[in-house]
Amino acid sequence: MRFTSTFLALLDAATSKASCTLTASGGDDSPQFLSAVKACQTVTIPKSTTLNIATRLNMTGLSDKHISLQGTLRFNPDIPYWTGNAFFIPFQTQVTFWLLGGKNIVMDGGGTLDGVGQPWYDAFAGNSTLLRPIILTVFQATDVLIENINMINSPEWHNLVNEGKNVVYNKINIHAVSNSSHFASNTDGWNVYRSDNVVISNSVIVNGDDCVAFKPNATNVLVTDLDCTGSHGISVGSLGQFPGVFDIVENVLAINIKMTNAQNGARIKAWAGPNVGGGIVKNITFQNFIESKVDNPVIIDQCYMTNATACSQFPSNTFIQDVWFNNITGTSTGSTVASLSCSPDGRCSDINVNNLQLSPPSGAAKYTCQNLNITGNAASLFPACIST
Ligand SMILES: *[C@@H]1O[C@H](CO)[C@@H](O)[C@H](O)[C@H]1NC(C)=O
Ligand SMILES: *[C@@H]1O[C@H](CO)[C@@H](O)[C@H](O)[C@H]1NC(C)=O
Ligand SMILES: *[C@@H]1O[C@H](CO)[C@@H](O)[C@H](O)[C@H]1NC(C)=O
Ligand SMILES: *[C@@H]1O[C@H](CO)[C@@H](O)[C@H](O)[C@H]1NC(C)=O
Ligand SMILES: *[C@@H]1O[C@H](CO)[C@@H](O)[C@H](O)[C@H]1NC(C)=O
Ligand SMILES: *[C@@H]1O[C@H](CO)[C@@H](O)[C@H](O)[C@H]1NC(C)=O
Ligand SMILES: *[C@@H]1O[C@H](CO)[C@@H](O)[C@H](O)[C@H]1NC(C)=O
Ligand SMILES: *[C@@H]1O[C@H](CO)[C@@H](O)[C@H](O)[C@H]1NC(C)=O
């Protein structure tokens, strides 16, 4: 799927309804934004305009819409209002300001989604059960392009793709850094859930949690040309957490990634232990990563949140197959540069490492592994894997 200027021109011309341009009302601008998107093919928020989004945005079931966001949507940090009014998303007990769904939707224009996260980060520090909204949830949508948009200071995740198909994010600039002693936690760049054929490209992310995370039933995802700073990396999972639920992550390519000052570089994590779920992680490639000061540059953890005894007794039911770590270079913060840790009983297969050039701040690089056979031209960097 490609959105060309011709496509956009046709989209604009195909409608009988006029384009609409919004100006700030001085009060809550959500109602006028909602009705404009319902009534008009193209909705423009001009460069000098900041709309005050003080009530939730249900924009589901749209078709053929173009939101030209040149100015700003500012999400009013009225915590008592959003508590109880933000849309609830059952997966991982999330809430969101905005559901955007339907067919053939474009949002572009160089403007900004401002989540005004600071008061949320500060409130969360004193109340760990506070649900903080995701800025934008692409919800039950097909053929969506979000391009050339800034997203700043989300209270929580910046983006969730929830039951989407053919969704492209291009040239997105994400920035969330707290100015108080309270960290901007859980400010993931993207989470992809129950979605197929998703592209995330040419973007810069400075945040406090995963840069991109592939959650249950993310399939055919391309992540390319990202520059991530301060994050928890490009992560598959965590998967297999909930009893009775089967999680699939398949056909993922993460390529040309710069990862700086991060907790993880390329990561796969799956639960083990009693009373968890299961699933399959298959055909995942992490390629051309340049990492700088990363705690865990290359990591598989198939005993996630599970102690060694429990992991031996109850190996993960989330099988991991056909994984490539190719051309991963740079530096770690500690001595371990790569850790491939699988559950016992052959739960990982066809795990490949090629052209790894990773160095610790001092001393020899440490490579660790358990319960798998490693292949590829960098396999010899690993000692014989421990069996548990
Ligand atoms: C959003 O609006 C649609 C269509 O008007 C409605 O069917 C749906 O229930 C609303 N969703 C929520 C979560 O309120
Ligand atoms: C913490 O946040 C929850 C959820 O928003 C809310 O119900 C609760 O009252 C808050 N607790 C305190 C002590 O503010
Ligand atoms: C912290 O301050 C900087 C500089 O004013 C600003 O760009 C950034 O958005 C602020 N962060 C938050 C979370 O408000
Ligand atoms: C993932 O897809 C499989 C196969 O369609 C389905 O059985 C499973 O319930 C889905 N899991 C989730 C978390 O949606
Ligand atoms: C593996 O995933 C890649 C990238 O998403 C895809 O191009 C390729 O076709 C997949 N291979 C198989 C055998 O499905
Ligand atoms: C390895 O990755 C680096 C950094 O992305 C890239 O410049 C280089 O071309 C890659 N090497 C190969 C052989 O693909
Ligand atoms: C390991 O986890 C199991 C199951 O969750 C728990 O019962 C056990 O006490 C834990 N053992 C240790 C040493 O923490
Ligand atoms: C490693 O490969 C050997 C030979 O194919 C196989 O017997 C063994 O089960 C494999 N070990 C693991 C941990 O997968």
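# Briefing: annotated residue, strand pairing and ligand shells

In an unreviewed UniProt entry, the annotation "active site" covers His-232. The model described here is predicted. His-232 is found in the loop that links β14 (218–229) to β15 (234–239), and both of these strands pair with β16, β14 over 10 bridges and β15 over 4.

**The annotated residue**

- His-232 counts as buried because it has 22 C-beta neighbours inside 10 Å, where 20 or more are required.
- Neighbours within four places in sequence being left aside, the contacts of His-232 are Asp-209, Asp-210, Ala-262, Gln-263 and Asn-264.
- One of these contacts, Ala-262, stands opposite Val-294 in β17.

- The pairing of β14 with β16 is parallel and comprises 10 bridges; within it, Asp-227 has Lys-258 of β16 as its bridge partner.
- β15 also runs parallel to β16, joined to it by 4 bridges, and here Ile-234 stands opposite Ala-266.
- β16 pairs in turn with strand β17 (residues 278–304), in the parallel sense and over 20 bridges.
- Strand β16 (residues 246–271) also contributes to a ligand site: the largest share of the shell around ligand 5, 3 residues, comes from it.

**Strand β7 and its partners**

- Strand β7 (residues 94–108) is mostly covered, with 11 of its 15 residues buried.
- β4 and β7 run parallel and are joined by 9 bridges; Leu-62 stands opposite Gly-102 of β7.
- Strand β9 (residues 133–152) likewise runs parallel to β7, with 10 bridges between them, and Val-138 in β9 is the bridge partner of Leu-100.
- Strand β6 (residues 87–89) pairs with β7 in the antiparallel sense over 3 bridges, and Ile-89 has Gln-94 in β7 as its bridge partner.
- β6 and β7 form a hairpin with 4 residues between them, and in the turn Gln-92 has a positive phi of about 55°.

**Helix α2**

- Ser-30, Phe-33 and Val-37 are buried in helix α2 (residues 30–39).
- These buried residues fall within an arc of 65° when seen down the axis of α2, so they line one face of the helix.
- Ser-35 and Ala-39, on the other side of α2, are exposed.
- The cover over the buried residues of α2 includes β2 (42–45), β3 (50–53) and β4 (57–69); of these strands, β4 is also joined to β7.

**Ligand shells**

- Ligand 2 has Thr-83, Asn-127, Thr-129, Leu-130 and Leu-131 around it; by class, this shell holds 2 nonpolar, 3 polar and no charged residues.
- Gly-117, Gln-118, Ile-152, Asn-153, Val-177, Ser-178 and Asn-179 surround ligand 3, and its shell divides into 2 nonpolar, 5 polar and no charged residues.
- Around ligand 5 are Asn-220, Asn-251, Val-252, Leu-253 and Asn-283, a shell with 2 nonpolar, 3 polar and no charged residues.

How values were computed. Residues are numbered from 1 along each chain as its sequence is written. Chains are lettered from A and ligands numbered from 1 in the order in which they are written. This is a predicted model: local features need pLDDT of at least 70, side-chain atom pairs count only at pLDDT 80 or more; totals for chains, interfaces and linings use all residues. A residue is near a molecule or strand if its C-beta atom, placed from the backbone, lies within 6 Å of it. Ala, Val, Leu, Ile, Met, Phe, Trp, Tyr, Cys and Pro count as nonpolar, Asp, Glu, Lys and Arg as charged, and the others, Gly among them, as polar. Helices (H or I, at least four residues) and strands (E, at least two) are DSSP runs, numbered from the N terminus. A residue is buried if 20 or more other C-beta atoms lie within 10 Å of its own, exposed if 12 or fewer, and partly exposed in between; C-beta atoms are placed from the backbone. The arc is that of the directions from the helix axis to the C-beta atoms. Two residues are in contact if their C-beta atoms, placed from the backbone, lie within 7 Å. UniProt positions are given in the numbering used here, feature names are shortened, and annotations may be inferred rather than shown by experiment. Two strands pair if DSSP finds at least two bridges between them.
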